[in-house]
Amino acid sequence: MIIVLILICVLILLVIVCYVYYGGLNTVICRVENQKEEVIVYEPIIGDYKKTSKYTNKIYYELLEKEKIETTRGIAIFYDNPRQTDKSKLRSDVGCILNNPDHATLAKLSANYLVKTLPGNSFITTEFPIKGSLSFIIGVIKVYPALTKFCQKEGIKESPITEIYDIPNKKIIYRKEVVR
């Protein structure tokens with residue numbers, strides 16, 4: 001009986017340590033910022049949001065291997081609230097952000113990929129560290145309620161949520177357009 005109790009305590013301690021390490025105690029600070037326009041290569045996805053990394057990786061490796069373009073930031077734009085929409089009907093655009101593409105590059109990519117420019121605008125933003133795959137789950141648990149609370153407090157309407165996976169800076173940038 002004592003061995004079982006010790007195992008349970010060790011398991012609970014392990015869960016707490018993981019939660020803390022992956023950012024569970026980080027304070028989420030939302031702010032309004034102006035963002036510049038960004039050009040993305042993407043695929044529209046219908047279905048469970050858990051597919052995001054699969055498509056981000058697919059586009060990243062296609063751009064790297066076929067086009068010799070290295071990107072450092074993945075992106076996912078989530079249009080529907082998973083609490084209100086069936087998993088099979090969730091809509092998102094998933095891909096990579098291009099770093100300062102010229103017109104020739106855009107023309108070449110547009111022939112083989114979906115490419116669009118996201119307009120610059122005012123966004124609610126916040127960040128969460130990437131320390132491993134659990135960071136993405138804990139980030140959603142911590143950040144989405146904070147964004148919702150901030151929007152309610154500021155009188156901001158529902159709009160899609162964008163996650164930017166900034167790999168060199170090891171952070172996820174969450175943003176939501178300011179719509180009043």
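Mentor: A polar contact is a pair of N or O atoms within 3.5 Å, where one atom must be able to donate a hydrogen and the other to accept it. Keep in mind that the model is predicted.

Trainee: Which side chain does a polar contact join to that of Asp80?

Mentor: The side chain of Arg91, at 2.8 Å. Asp80 is in the loop between strand 3 (73-78) and strand 4 (91-97). Leaving aside residues up to four places away in sequence, Asp80 touches Tyr49, Thr85, Lys89, Leu90 and Arg91.

Trainee: Is Asp80 buried or exposed?

Mentor: Buried means under 20% relative accessible area. Asp80 has 15%, so Asp80 counts as buried.

Trainee: And where is the place of Asp86?

Mentor: Asp86 is also in the loop between strand 3 and strand 4. Its relative accessibility is 47%, and therefore Asp86 counts as partly exposed. The side chain of Asp86 makes a polar contact of 2.4 Å with the side chain of Ser88. For a sense of distance, Asp86 and Leu5 lie 81 residues apart in sequence and 40 Å apart in space, C-alpha to C-alpha.

Trainee: Now a strand. How many residues of strand 7 are buried?

Mentor: In a regular strand the side chains alternate between the two faces of the sheet. In strand 7, Ile161, Glu163 and Tyr165 point one way, while Thr162, Ile164 and Asp166 point the other way. Six of the six residues in strand 7 are buried, and the strand is mostly covered.

Trainee: Which strands do bridges join to strand 7?

Mentor: Strand 3 is joined to strand 7 by six bridges, and the two run antiparallel. Six bridges also join strand 7 to strand 8, again antiparallel.

Trainee: How is a helix read? How many residues of helix 3 are buried?

Mentor: Start with the cover, then look at the end. Helix 3 (residues 103-112) is hardly covered, with one buried residue among its 10.

Trainee: What is the volume of the second largest pocket?

Mentor: About 410 Å³. This second largest pocket has 19 lining residues, with Lys36, Glu37, Glu38, Arg73 and Ile97 nearest its centre. The elements giving two or more residues are strand 1 (31-35), strand 2 (38-46), strand 6 (121-129) and strand 8 (171-177). Strand 1 gives the largest share, three residues. The lining of the second largest pocket has six nonpolar, five polar and eight charged residues.

Technical notes. Residues numbered from 1 in each chain as written. Predicted model: local features only at pLDDT ≥ 70, side-chain atom pairs only at ≥ 80, totals over all residues. Heavy atoms only, no water. Helix = DSSP H or I, 4+ residues; strand = E, 2+ residues; numbered from the N terminus. Buried < 20%, exposed > 50% of the residue type's maximum accessible area, 1.4 Å probe, protein only. Contact = heavy atoms within 4.5 Å. 1 Å grid on protein atoms, 1.4 Å probe; cavity = no way out; pocket = protein on both sides within 12 Å on 5 of 7 lines; lining within 4 Å. Points joined across faces, edges and corners; volume = space filled by probe spheres on them. Nonpolar A, V, L, I, M, F, W, Y, C, P; charged D, E, K, R; others polar. Pairing = 2+ DSSP bridges.
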